[in-house]
Amino acid sequence: MPMIKDYLKNSFKHGIDAGILQYGVAMEMTSPDVAEVLATSNYDWLFVDGEHGPHTVQTILEVCRAIAPYDMTPVVRVPEAGTGIFKQLLDSGIQNIIIPKVETGEEVEKIMYWASYAPRGNRGFGATAVRAGRFGRHADYLEREKQEICILPQIESKIGLENLESIARVKGIGGIFLGPIDLAVDMGHGIDIFNKEVADAMDYMIRRIKELKIPVGTIAVTPEQAKHFADLGVSFLALGADTAFLVQAADNTLETFKKAIES
């Protein structure tokens, strides 16, 4: 039976490689229903947060299955790097992986070792038997995976900032994701991502990573900040989150109706 979609084609990776800004939305909840609702919007990618949310490999897979029919690509942030989680996610067909709190080029080399087949790495081969190769339907998985898998180290600390060059120069990474909130905390500014030291560091990293011809992305909390980052040349932006949308809509609805009733 022919498939109606090329599930190996990674639209997110090809988009950032081409310099086409990819708009994303974060997902903290584990509900496939919520994921599908978000997928009916026009976001390009779903930022599945396996670092701070209660996600497991199974819930990540369920979320990714829910959005598979839509024009939205999952990008999954893992709790931490490791050969086991990479094998499970990659073999589950997850092609875009963000690794938090990366601080050295040596760490990135290890990450690429775990995420790559020999001779570059030690990833075991079973992809054609599972979802990654669509259960044997994509017999060319081994030939195509290097062009479709996108590993994204995240810089979000002073040490990571200091080692930006060595991180960005590791061969094979798909891009770099910048975390302004943890960077602000690490710099001693709480969660003030608009602090001048934090903002200057973010601007410097975006410009330098662009100079090294590596796609770079981050989060933006205001339209003005998103415009600023876009003007600097980011390739992907995360805008908002499911939990924030729910809180804001709940509060705004209650306030609006109470005001109408009680006035």
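What follows is a short chat about salt bridges in a predicted model.

Student: Before we start, what should I know about the model?
Tutor: It is predicted, so local features need pLDDT of at least 70 and side-chain atom pairs count only at pLDDT 80 or more, while totals for chains, interfaces and linings use all residues. Residues are numbered from 1 along each chain as its sequence is written, and side-chain values use heavy atoms, with hydrogens and water left out.

Student: How many salt bridges does the structure hold?
Tutor: There are 12, where a salt bridge is a side-chain nitrogen of Lys or Arg within 4 Å of a carboxyl oxygen of Asp or Glu.

Student: Which residue does Arg 208 meet in helix α8?
Tutor: Glu 165, with 2.5 Å from N to O. Arg 208 lies in helix α10 (residues 196-211) and Glu 165 in helix α8 (residues 164-168), so the pair ties together parts 43 residues apart in sequence. Helices here are DSSP runs (H or I, at least four residues), numbered from the N terminus.

Student: What about Arg 208 and Glu 211?
Tutor: Their side chains form a salt bridge too, at 2.9 Å, N to O. Both sit in helix α10, 3 residues apart, or about one helical turn.

Student: New topic: is Lys 196 buried or exposed?
Tutor: Lys 196 is exposed, at 61% relative accessible area; buried means under 20%, exposed over 50%, and partly exposed in between (1.4 Å probe, protein chains only). Its salt-bridge partner Asp 200, 2.6 Å away from N to O, is partly exposed at 38%.

Technical notes:
Helices (H or I, at least four residues) and strands (E, at least two) are DSSP runs, numbered from the N terminus.
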